[in-house]
Amino acid sequence: MTAPAANAVHLVDSSLYVFRAWHGTPIDASDEDGWPVNAVHGFARFLCELIERTRAERLALAFDEALDSCFRNAIYPAYKAHRDPAPEELKRQFAHCKALGEAMGLPVLAHVEYEADDLIGTAAAQARRDGHAVVIVSADKDMAQLLDEGDWQWDFARNERWDCAGVKPRYGIHAHQVADYLGLTGDASDNIPGVPGVGPKTAATLLAIYGSMDALLDKLDEVPLLKLRGAAQHAVRLREHRESALLSRRLATIVRDAPLPGDFDAARRRAPDSDAIDRLCERLRIGPMTRRRLQDAARMPT
């Protein structure tokens, strides 16, 4: 595998890293108003390390603007409905993380109707049209569906990277099959139903044979004849839950036509606002060492 191209666009699944900081950083500091700032402190350190390691000239941060709903809830109200609403303490920190990214001159992507995945998918499509490869900074398996030739996905915490060809050995399916796979298996973390009784191994096997969920559903009469344990029952389940499979795939598919800022410019970093960084650090009680790292990271592109 070759390394990412020098002009690659880095697209960060920022909500994932804010949540990780929220759960993994001790609550030992508060802002001027007494609200916890542990997630902001953890995210700031992550951002510094990411920029220091990549020195990327094109890097955008994608956030889930509406933590409790998106356009998928209009399609399927139960989508992520099992999750507890985001507490006010976390919502405030999300706002601080976005403000920090903006002060550092990083394009910030957020929209009330679309999730961070959709904004990354759309940004990736635009970046490719502009001649750039893409590095998706996320551990989320769903993101693999966005990978194309020359692209990478990077699990930053584990420092593991894989390209489009690396999806199959990692997950047992090709990148272009990820949404079909989730349409069959469902996704409990997002409350996507899938087809009852069709697990990961069965879904991967069926997609290896038929190539896509559409081809599979068109040839259900053949499924009982496969040398696959429970093949006849799987055919029955697929026939009975056909609409659920199609709905689940729609929910799992990352859209690539979400609204982006008019000045997105393939995630090119802008001049930072050093005073704004200092004001945020003061308000959020970010210490001098991290404050210097933030200022230095914001100045890195030449």
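Among contacts in the protein chain between residues at least 6 apart in sequence, what percentage join residues at least 24 apart? In this predicted model, the share is 70%. The chain holds 13 helices and six strands, and its radius of gyration of 21 Å is close to the 19 Å that the globule rule gives for 302 residues, so the chain is as compact as a globular protein of that length. Along the principal axes, the C-alpha trace spans about 70 × 40 × 35 Å, and 50% of the 302 residues count as buried.

**Nonpolar cores**

- The largest nonpolar core comprises 54 residues, and those with the most contacts inside it are Leu 11, Leu 184 and Leu 216; helix H5, which covers residues 116–129, gives the most to this core, with six residues.
- Once neighbours within four places in sequence are left aside, Leu 216 is in contact with Leu 184, Leu 206, Tyr 210, Val 223 and Leu 238.
- As a general background, nonpolar side chains tend to be buried together in soluble globular proteins.

- Within helix H8 (residues 200–210), the buried residues are Thr 202, Ala 203, Ala 204, Leu 206, Leu 207 and Tyr 210, and what covers them includes helix H7 (178–185), helix H9 (213–218) and helix H10 (231–240).
- Two of these buried H8 residues, Leu 206 and Tyr 210, are also among the contacts of Leu 216.
- Gly 211, which follows H8, has a positive phi, near 90°.

**Val 9 in strand E1**

- Val 9 lies in strand E1, residues 9–13, and counts as buried because its relative accessibility is 0%.
- Not counting residues up to four places away in sequence, Val 9 touches Arg 58, Ala 127, His 132, Ala 133, Val 134, Val 135, Ala 266 and Ala 267.
- The C-alpha atoms of Val 9 and Ile 136 are separated by 8.3 Å, although the two residues are 127 apart along the chain.

**The largest pocket**

- The largest pocket contains about 800 Å³ of space, and of the 39 residues that line it, the closest to its centre are Asp 64, Lys 80, Arg 83, Glu 115 and Asp 190.
- Helix H1 (14–24), helix H3 (71–75), H5 and helix H11 (242–252) are the elements that give two or more residues to the lining of this pocket, with H1 giving the most, five residues.
- By residue class, the lining of the largest pocket divides into 18 nonpolar, six polar and 15 charged residues.

Definitions and conventions:
Residues numbered from 1 in each chain as written. Predicted model: local features only at pLDDT ≥ 70, side-chain atom pairs only at ≥ 80, totals over all residues. Heavy atoms only, no water. Core = buried A, V, L, I, M, F, W, Y, C linked by side-chain atoms within 4.5 Å. Buried < 20%, exposed > 50% of the residue type's maximum accessible area, 1.4 Å probe, protein only. Helix = DSSP H or I, 4+ residues; strand = E, 2+ residues; numbered from the N terminus. Contact = heavy atoms within 4.5 Å. 1 Å grid on protein atoms, 1.4 Å probe; cavity = no way out; pocket = protein on both sides within 12 Å on 5 of 7 lines; lining within 4 Å. Points joined across faces, edges and corners; volume = space filled by probe spheres on them. Nonpolar A, V, L, I, M, F, W, Y, C, P; charged D, E, K, R; others polar. Rg over C-alpha atoms; globule rule 2.2 N^0.38 Å.
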